[in-house]
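Could you show me around this protein? I have the model open in my viewer and would like to know what to select next.

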Amino acid sequence: MFWKRIALHQLLEGDHSTKKSRIVGANLKLKPSRGKRKLDCSRVEPNNDRAGKKRRMSENSGTNDRPREVDRISELPEPIVHHIFAHLRCPKDVVRTCIWSKKWKNMFDSYLTFDFDERCFSVRGGERKHNRLRSRQVQERKFKSYVEKSIATRLAPATCIDKFRLYVSNLNYQLEFSMERWIHLAVEKNVKVLEIHVNSEESGYRLPCDGLVSKAITFLKLSGSVIPCLSSLQLCNLRELSLKSVIGIALLIKKLGQSCPLLEDLRLVYCTGLSSLTIPSLAKLRRVEVHECAGLIHIEIMAPNLETFWYHAKKHQYCDINLKGCETLKNLTLRDCRMTDTKFQSYMSKCPLIENLVLQECSKVKRLTILSAKLKSLALLKCTKMQEVDIDAPNLYSFQFSSHRMPFSSMNVLGLCEVKFSFGHIVKSPQIIDECKKFFGNINRSKGFKLVVHTKQIMQIYEDLKEADLVQNSFSKLDLTLSSSTVVKIVDKWLLESHGRSLTLISPGSELVKLIRMMIVNREDDPYCCSFYSKKCWRHYLANVQMVVSKSARKTFYFFKWKGPRSM
């Protein structure tokens, strides 16, 4: 305290020559000590009043330019905060966000979405079986405690809730009993979205009958070894139904017409015990997806307003599909290695309004003929046995092809804007190059297409298609597009997946050069790039990037090279 007395003594003697002494005297507060003489600080008060008066005058006149701290997190509206909560994977992270702001605590109480995932409470166990069983018990105890506390504090006071999601990985009798009670409480609170996921090696979990009797549920998703109770099925407002790895759903499908008249979306993934799928006439049904359902040999859909149908067959499994009642179908995706040429032509004849068509791994289709004025997007992926393809689609916008050769005999695709070829490995065959040139001759080059030719290590971009010389280049993928922004996305994906080494841009213009330069050379100008992720993107792994410009008679070459990837 000795130096404080000296400073105060100088201030009382009138030594105000320096700014530092004024600040010390104005802010100094002394506590009297026992047995020592008390100092009279009354003479300091006028300086405090004078400083406070100046501060108030500066604030009123607007001369104080010191920025004020603004709590922008607390000012976020409630819907945005709830949207942030919905994108957090772990429920513990949702609870932790309440420490950011006092208002977030109230917003969390009004957040009517409940997501309980047992995997977020995993406990590491040893190699021995006894330690693994003990860690599972600890995990189950923590998980049940968290769910019970959340239900008591947040779910019980609510009148209705938006979503209830439950994921269980270690199922036993005690946990099954608790799950039944939790689902019953969620249905009582008029839950709108109900998701039950069971990933366990034990016997199948049977969903309680209360879970299938509700007027409020609009979305129902069952995943895992879940066997639903079918004695009473009443979901009059159900819009979307998704079943994954569910056993014994034949009776459930039959009751959809009477119990779920408003159903719009039906998805069956890895379901078993279903040999024949007959979907009744549902006026609202817009989408049906069937993915690798073992034992399924017959599908019949009688939905008059169906727009999207996906079918992915189990490997080497034959299935007869009847789409005679789906004349409004617009999106068709088929992955069926047993489908023949005649079967595909029957699909196209029954569905004349198809706009988006995807054929994947259809190895028995050899000759393909597509005649459609409505078709806008076409993808032929890994159909290795195709020998002849005739396409007459003047309004086709996007085309994607993946195989080891190009079997196109005749094409009328003058409206094309996006083309993507993938050959799987580096190709140097002159036959492939001739087929590529023949295909390019069928498109309108005057539109200003940009061609991207690349392998895993090298990429070349031609801004003028007339300058492209594929004979001297080996390539595995070709991308043809009209948009410069699409070229940038292709480069970004190439660097992300393949970690290429060099890029060459043959460009007579400057727009695409600026975009590529901004993307690669100035890759670390953005301080917020990947700042919230532990795994950095490719922009932080390229080392010693160099740009070299070379000009010839008619071409300008821009070479981008780097030594990367560098270690972080």
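Accessible areas here come from the Shrake-Rupley method with a 1.4 Å probe. On that basis, the accessible surface of the protein comes to about 32,200 Å², and carbon and sulfur atoms hold 51% of that area. Keep in mind throughout that this is a predicted model.

Start with the whole chain in cartoon view. You will find 14 helices and 27 strands. Of the 568 residues, 42% are buried. Among contacts between residues at least 6 apart in sequence, 47% join residues at least 24 apart.

Next, select Phe-164, Phe-309 and Phe-399. These have the most contacts inside the largest nonpolar core, a set of 113 residues. Now colour helix 8 (residues 173–188), which gives this core 6 residues, its largest share. Zoom in on Phe-164 and show its surroundings: beyond its neighbours within four places in sequence, its contacts include Phe-114, Phe-116, Leu-155, Trp-182 and Glu-195. Then move to Leu-503, Ile-520, Val-545 and Phe-560, which belong to a second, separate core of 22 residues.

The last stop is the largest pocket, with a volume of about 640 Å³. Which residues lie nearest its centre? Select Lys-420, Ser-422, His-454, Lys-477 and Lys-493 to see them, out of 34 lining residues. Elements giving two or more residues to the lining include strand 19 (398–402), strand 24 (475–481) and helix 13 (484–497). Strand 21 provides the largest share, 8 residues. Colour the lining by residue class to finish: 11 residues are nonpolar, 14 polar and 9 charged.

Methods. Residues are numbered from 1 along each chain as its sequence is written. This is a predicted model: local features need pLDDT of at least 70, side-chain atom pairs count only at pLDDT 80 or more; totals for chains, interfaces and linings use all residues. Side-chain values use heavy atoms; hydrogens and water are left out. Helices (H or I, at least four residues) and strands (E, at least two) are DSSP runs, numbered from the N terminus. Buried means under 20% relative accessible area, exposed over 50%, partly exposed in between (1.4 Å probe, protein chains only). Contact means heavy atoms within 4.5 Å. On a 1 Å grid over the protein atoms alone, a cavity is a set of points where a 1.4 Å probe fits but cannot get out, and a pocket is an open set with protein on both sides within 12 Å along at least five of seven lines; lining residues have an atom within 4 Å of a point. Grid points are joined across faces, edges and corners, and a volume is the space filled by probe spheres set on the points. Ala, Val, Leu, Ile, Met, Phe, Trp, Tyr, Cys and Pro count as nonpolar, Asp, Glu, Lys and Arg as charged, and the others, Gly among them, as polar. A nonpolar core is a set of buried Ala, Val, Leu, Ile, Met, Phe, Trp, Tyr and Cys residues joined through side-chain atoms within 4.5 Å.
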